[in-house]
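This briefing concerns a predicted model.

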Amino acid sequence: MAADDQRVAIVGAGLAGCLLAVLLGRRGIAVTVYERRPDPRVAGAERGRSINLAISARGLAALEQVGLRDQSLKQALPMHGRMVHPLRGTQNFQPYSADGERAINSISRAELNRSLLDTAEATPGVTLRFSQRVTGVDTEAGAVLMEDGNAEPATVVLAGDGAYSAVRGSLELDEDADFLEHGYKELTVPPKNGEFALDPDALHIWPRGTSMVIALPNLDRSFTCTLFWPKDDLAALDTPEKVAARFERDYPDVAGLMPDLTADYARNPVGSLVTVRCWPWTRYGRGAIVALLGDAAHAIVPFFGQGANCAFEDCIEIDQCLTEAGGDWARALSLYQERRKANTDAIAEMALDNFVEMRDRVSSPVYRAKQAATHALERRLAGRYVSRYELVSFSTLPYAEIPARIRRQNGVLAAAVLGAAAAAGLGLRALRRR
């Protein structure tokens with residue numbers, strides 16, 4: 001069926017759903033976006049569940065496609081590195097890039113979603129429908145199923161309804177949800193005397209081995225502070241006195257910066273951290289084609305700051321595949337899932353590994369020495385030796401190609417070191433013979 005004969009539905013008006021709606025609308029495709037929540041521009045964002053976004057090269061490249069890159073950067077604060085707060089000793093700054101110039105960008109999820117909603121609403125052909133909870137899709141009848149019992153006709157359904165996707169659940173795909181034993185809880189470090197209480201040029205980390213706290217700056221000079229603790233630890237702090245005592249013991253340099261600590265701790269919910277893997281991402285029925293994107297297809301933990309960046313890449317890939325397929329949705333969505341699956345699997349593993357790095361390794365002197373050596377190599381071998389962090393955050397190299405790139409680099413470097421050592425040994429022996 002030709003693209004202009006399709007009834008296209010997007011489930012979820014979050015970051016990815018809105019971006020995709022804009023991309024499709026600009027192609028002249030009419031799109032209806034269904035969102036279970038009220039309009040967050042009116043009702044406000046959900047409290048305590050933000051985990052500020054760290055938008056980097058991939059996300060910025062996608063936002064550039066819809067004219068929102070510069071506007072988004074105006075709503076963001078650059079973070080040029082990590083500020084590590086050990087329990088004992090002085091804090092230390094660890095730049096993200098070898099030249100110290102590159103930064104990831106702290107931006108409010110709610111503000112970015114607001115910008116994307118405004119852009120989607122202003123795009124001809126895009127219709128936003130709020131307080132409309134989708135419970136599944138009937139691929140044979142070609143319908144989106146609603147909580148109120150109604151069915152909305154749709155021949156193409158693009159599901160961006162999150163890690164606990166109702167659409168994915170209705171398709172009975174082969175899926176696995178791997179939950180960490182850790183949960184997260186959001187707190188706030190307010191401004192101090194009208195200024196930032198911490199350095200705003202850094203993502204702050206309090207690593208404590210099996211757990212950590214992070215803080216990202218906001219434009220209002222506050223910090224969004226997120227605890228990543230084992231859920232048993234979160235549940236154990238069931239009185240204000242226990243909360244205050246835990247922070248005074250483990251996070252003494254930030255405890256005094258949170259005057260509403262105990263109230264926020266009691267009020268804000270505990271979120272779960274899950275990695276979702278499923279396959280296929282598409283389902284073809286007689287009446288409708290369904291495809292998953294973003295967290296609905298591949299939720300990842302937030303420890304590489306790539307969740308939104310990765311979901312935005314999904315949207316760009318779908319748009320490009322539609323062009324290559326000449327508007328044939330079946331062909332385009334088949335190409336999309338084939339190209340993206342390996343990439344999302346790769347970043348899921350790197351995000352899990354980065355959790356261990358952030359909560360434990362960053363406080364080690366050995367780790368710091370290794371990072372300094374890596375940055376020295378990057379400066380000396382510019383463009384030929386690039387760290388994993390820079391490839392993930394400051395390039396658009398497909399995620400799946402990064403592990404092999406790192407192995408090649410390390411192999412070449414090891415061979416060069418061995419060659420130099422061998423040459424030095426031969427030279428030494430020659431001198432001895434003389």
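In the contact between the two helices, Leu15, Ala16, Leu19, Leu20, Leu23 and Leu24 of H1 meet Ala308, Ala311, Phe312, Cys315, Ile316, Ile318, Asp319 and Leu322 of H12. By class, the residues of this contact comprise 13 nonpolar, no polar and one charged.

**Geometry of the H1 and H12 pair**

- Helix H1 spans residues 15–25 and helix H12 spans residues 307–324; they pack at an angle of about 25°, and their axes are 9 Å apart.
- Because angles under 35 degrees count as roughly parallel, this angle makes H1 roughly parallel to H12.
- The handedness of the crossing of H1 and H12 is right-handed.

**Cavities**

- The model contains three cavities of 30 Å³ or more.
- The volume of the largest cavity is about 40 Å³.

**Lining of the largest cavity**

- A total of 13 residues line the largest cavity, and those nearest its centre are Val276, Arg277, His298, Thr344 and Asp345.
- At least two lining residues of the largest cavity come from each of strand S17 (271–279), helix H11 (295–298) and helix H13 (329–359).
- Sorted by class, the lining of the largest cavity consists of seven nonpolar, three polar and three charged residues.

Methods:
Residues are numbered from 1 along each chain as its sequence is written. This is a predicted model: local features need pLDDT of at least 70, side-chain atom pairs count only at pLDDT 80 or more; totals for chains, interfaces and linings use all residues. Side-chain values use heavy atoms; hydrogens and water are left out. Axes are lines fitted to C-alpha atoms, for helices over the stretch in contact, and angles run from 0 to 180 degrees between N-to-C directions. Helices (H or I, at least four residues) and strands (E, at least two) are DSSP runs, numbered from the N terminus. Angles under 35 degrees count as roughly parallel, over 145 as roughly antiparallel, 65 to 115 as roughly perpendicular and the rest as oblique. A crossing is left-handed if the near helix is turned anticlockwise from the far one by less than a right angle, and right-handed if clockwise. Contact means heavy atoms within 4.5 Å. Ala, Val, Leu, Ile, Met, Phe, Trp, Tyr, Cys and Pro count as nonpolar, Asp, Glu, Lys and Arg as charged, and the others, Gly among them, as polar. On a 1 Å grid over the protein atoms alone, a cavity is a set of points where a 1.4 Å probe fits but cannot get out, and a pocket is an open set with protein on both sides within 12 Å along at least five of seven lines; lining residues have an atom within 4 Å of a point. Grid points are joined across faces, edges and corners, and a volume is the space filled by probe spheres set on the points.
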